[in-house]
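I'll jot things down as I look them up.

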Amino acid sequence: MKKMIPFVLMLGIVCACEKNKPEQERIFEEYYTSTSWKTDNSIDESKLTGEMFAFEKFADREYWATLTSNADMLEALMVPQERLSSMSTQNLARTCTVYPFNSTYMAYVGFFSTSIDGIFHIMNNFNGYTQIQRRPSGPQELLKIYMGQKVKMDGKHEGWSADYTQANSFMDISAIELVLATAVDAGRFSNDEIADMIHAMWEKYEDFVESGLYSWNGAICYSYVLGATIAYHHAPNLSQNEITQLKTFVLSGGDTARYSGDIGTITELVADKLNSVN
């Protein structure tokens, strides 16, 4: 299963190459503020009891090997509409957590695009994410999973698994941090939930650092992208300079090649502002 990681990243590179070059100067409110995460209050979640989707076609290596195009691969990973509409929100969140192409956000980290471009591409091309953005408790169910994730201190990644409890690699955690950041941006969490998210974010960050196995660009930066998004929307009394720093950092995806400011300064700013929120 370990051979799956390079394959998925290669697919992501294909996706990235298909994107048009984004604007060099993007306005934060127009680009990052999500037009998604719009609650559909007509959905009665108490009536939804369906099981999670295990991506059987992806798990069938012989079948998967027959797919030759990116479009066919994306289509093969779609949840059948009948199952999607009946799935419980908890199981829908679990399904999104194990979506096999979550890690392709990493393929967007480059000269013309960032992990932010990557996570929006992923969310726009999987109907599980489209559905969970409509569910009233969708963001909260994703947050519960994130709060339970633990960094594997041995640094080993055993490959893709249909078991959401095994989604604990640095890529799994970073992907959900980026997804949660878009929901934070859309105002889908209460103050208490934001406080829980901050606590979980620092927990992940400390585990990444203490393990000594993860780099800033590889994993740690995504915790700070989530933190910076929270600070931008929830910290009181931000100066215009601080607002600009947070915007610039988030749009860079935290990548040192794209963020022109000092990383030490932004980490101190995020930590300070999150203390005022929590």
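How many aromatic pairs does the structure hold? I get 21 aromatic pairs, keeping in mind that this is a predicted model.

I picked out Y99 and Y129. Their ring centres sit 6.3 Å apart and their planes are at 90°, so I noted the pair as edge-to-face. Y99 is in the loop between α7 (89-97) and α8 (115-124), while Y129 is in helix α9 (residues 127-132), so this pair ties together parts 30 residues apart in sequence. Buried or exposed, I wondered about Y99? Y99 is buried, with a relative accessible area of 3%. Y129 counts as buried too, at 3% relative accessibility.

Next I checked W202 and Y224, an edge-to-face aromatic pair with 5.8 Å centre to centre and 80° between the planes. W202 belongs to helix α12 (residues 191-211) and Y224 to helix α13 (residues 216-234), and the two are 22 residues apart. Both W202 and Y224 are buried.

I also found an aromatic cluster; Y99 and Y129 turn up in it, along with F53, F55, F58, W64, F101, F126 and W160.

Then I turned to helix packing. Helix α14 (residues 240-251) packs against helix α15 (residues 263-277) at an angle of about 110°, and the axes are 11 Å apart. Roughly perpendicular covers 65 to 115 degrees, so α14 and α15 fall under that heading. Their crossing is left-handed. On the α14 side I listed E242, Q245, L246 and F249, which meet I263, T265, I266, L269, V270 and K273 of α15. Sorted by class, that contact has six nonpolar, two polar and two charged residues.

Methods. Residues numbered from 1 in each chain as written. Predicted model: local features only at pLDDT ≥ 70, side-chain atom pairs only at ≥ 80, totals over all residues. Heavy atoms only, no water. Axes fitted to C-alpha atoms, helices over the stretch in contact; angles between N-to-C directions. Helix = DSSP H or I, 4+ residues; strand = E, 2+ residues; numbered from the N terminus. Parallel < 35°, antiparallel > 145°, perpendicular 65-115°, else oblique. Left-handed = near helix turned anticlockwise from the far one by under 90°. Contact = heavy atoms within 4.5 Å. Nonpolar A, V, L, I, M, F, W, Y, C, P; charged D, E, K, R; others polar. Phe/Tyr/Trp six-rings, centres within 6.5 Å; stacked < 30°, edge-to-face > 60°. Buried < 20%, exposed > 50% of the residue type's maximum accessible area, 1.4 Å probe, protein only.
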